[in-house]
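Visitor: I have a structure to look through, and I would like to go step by step. Shall we start once it is on the screen?

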Amino acid sequence: MHPVVHLVGCGTRPTSDLPDFAAGLRSDGWDPYIIPSPVGLRFLDATRAEERSQHPVHWDFDPDAAVELPSAQVVVVAPATFNTITKLAAGAADTLALAVAAEAIGARRPVVVVPWANSSLTSHPVYAGAVHSLEQWGVHMLSADQAKPFPWVALRERLMRFRNALGTGAGSA
């Protein structure tokens, strides 16, 4: 069995890259599930996401869903908007994307967050406290700079370290 990774994408342009990122993780031995926020869904080609991840895209609570999300060994929130970071730090779980991340934090499973917000938002007084809270809870923050390409390569490398720590490195899954 391959370890499951939940890929939460928020309402910003890099979310459109999640299908290809999921395909790369699949080739690394992960079992990726893409979970966009409701606004993130606007940036995502859901058909392509399902083809590349080989799973349905989950974006809303659905008590009648035939397929439930399996528990993940790692949750990634990338790209993570200002809204998602501050809501996650406040304990909000009003979307499936936030609930998945909040549950992983509560269960003490690895969570990696890659902030993607402009300097005006990251300078907002509530932002630093939100990031600090998340880090105090064990969330791994991976820095990103909107003046540069989204750090998909660095994120994939971070996930490989988690895979190795789980004892499911390449060739053992």
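Visitor: Leaving aside its neighbours within four places in sequence, which residues is Asp 31 in contact with?
Guide: Keep in mind that this is a predicted model. Asp 31 has its place in strand S2. With neighbours within four places in sequence left aside, its contacts are His 2, Pro 3, Val 4, Val 5, Arg 26 and His 55.

Visitor: Is Asp 31 buried or exposed?
Guide: The cut-off for buried is under 20% relative accessible area. Asp 31 has a relative accessible area of 17%, so Asp 31 is buried.

Visitor: With which side chain does the side chain of Asp 31 make a polar contact?
Guide: Arg 26 is among the residues in contact with Asp 31. The polar contact joins the two side chains at 2.9 Å. The partner of Asp 31 is Arg 26.

Visitor: What is the order of the strands in the open sheet?
Guide: The sheet has five strands, with parallel pairing. S2 and strand S5 (140-141) are the edge strands, as each pairs on one side only. The order is S2-S1-S3-S4-S5.

Visitor: How many bridges join S4 to S5?
Guide: S4 and S5 run parallel. Val 113 has Met 141 as its bridge partner in S5. The number of bridges joining S4 to S5 is two.

Visitor: What is the bridge partner of Val 77 in S4?
Guide: S3 and S4 also pair in the parallel sense, over four bridges. The partner of Val 77 in S4 is Val 113.

Visitor: Which residues of S4 point one way, and which the other way?
Guide: Five of the five residues of S4 are buried, and the strand is mostly covered. Val 111, Val 113 and Pro 115 point one way. The other way point Val 112 and Val 114.

Visitor: Which residues touch the most other members of the largest nonpolar core?
Guide: This core has 29 residues. Strand S1 (4-9), strand S2 (31-36), S3, H3, H4, S4 and H6 each supply at least two of its residues. The largest share, seven residues, comes from H4. The residues that touch the most other members are Val 75, Val 77, Ile 85, Val 113 and Leu 134.

Visitor: Leaving aside neighbours within four places in sequence, which residues is Ile 85 in contact with?
Guide: Ile 85 is one of the buried residues of H3. Beyond four places in sequence, its contacts are Ala 80, Val 113, Pro 115, Tyr 127, Ala 130, Val 131 and Leu 134.

Visitor: How many residues does the second, separate core have?
Guide: Its members include Val 57, Val 112, Trp 116 and Leu 155. Val 112 points the other way from Val 113 on S4, and Val 113 is in the largest core. The count for the second core is 23 residues.

Visitor: Why is helix H3 largely enclosed by the rest of the structure?
Guide: The buried residues are Phe 82, Thr 84, Ile 85, Thr 86, Leu 88 and Ala 89. They pack against strand S3 (74-80), helix H4 (96-106), strand S4 (111-115), helix H5 (119-122) and helix H6 (125-136). H3 (residues 82-89) is largely enclosed because the buried residues number six of the eight.

Visitor: Which residue follows H3, with a positive phi?
Guide: The phi is near 85 degrees. The residue is Gly 91.

Visitor: How far apart are the centres of Phe 21 and Trp 152?
Guide: The structure holds four aromatic pairs. This one is tilted, with 40 degrees between the planes. Phe 21 lies in helix H1 (residues 18-27) and Trp 152 in helix H7 (residues 152-166), 131 residues apart. Centre to centre, the value is 4.7 Å.

Visitor: Are the rings of Phe 82 and Tyr 127 stacked or edge-to-face?
Guide: Phe 82 is in helix H3 and Tyr 127 in helix H6, so the pair ties together parts 45 residues apart in sequence. Both residues are buried. Stacked requires planes under 30 degrees apart. The centres are 6.1 Å apart and the planes are at 20 degrees, so the pair is stacked.

Visitor: Which residue lies over the face of Trp 30?
Guide: The distance from the ring centre is 5.8 Å. The residue is Arg 163.

Definitions and conventions
Residues numbered from 1 in each chain as written. Predicted model: local features only at pLDDT ≥ 70, side-chain atom pairs only at ≥ 80, totals over all residues. Heavy atoms only, no water. Buried < 20%, exposed > 50% of the residue type's maximum accessible area, 1.4 Å probe, protein only. Contact = heavy atoms within 4.5 Å. Core = buried A, V, L, I, M, F, W, Y, C linked by side-chain atoms within 4.5 Å. Pairing = 2+ DSSP bridges. Phe/Tyr/Trp six-rings, centres within 6.5 Å; stacked < 30°, edge-to-face > 60°. Lys NZ or Arg CZ within 6 Å of the ring centre and 35° of its normal. Polar contact = N/O pair within 3.5 Å; in protein donor to acceptor, adjacent residues only side chain to side chain.
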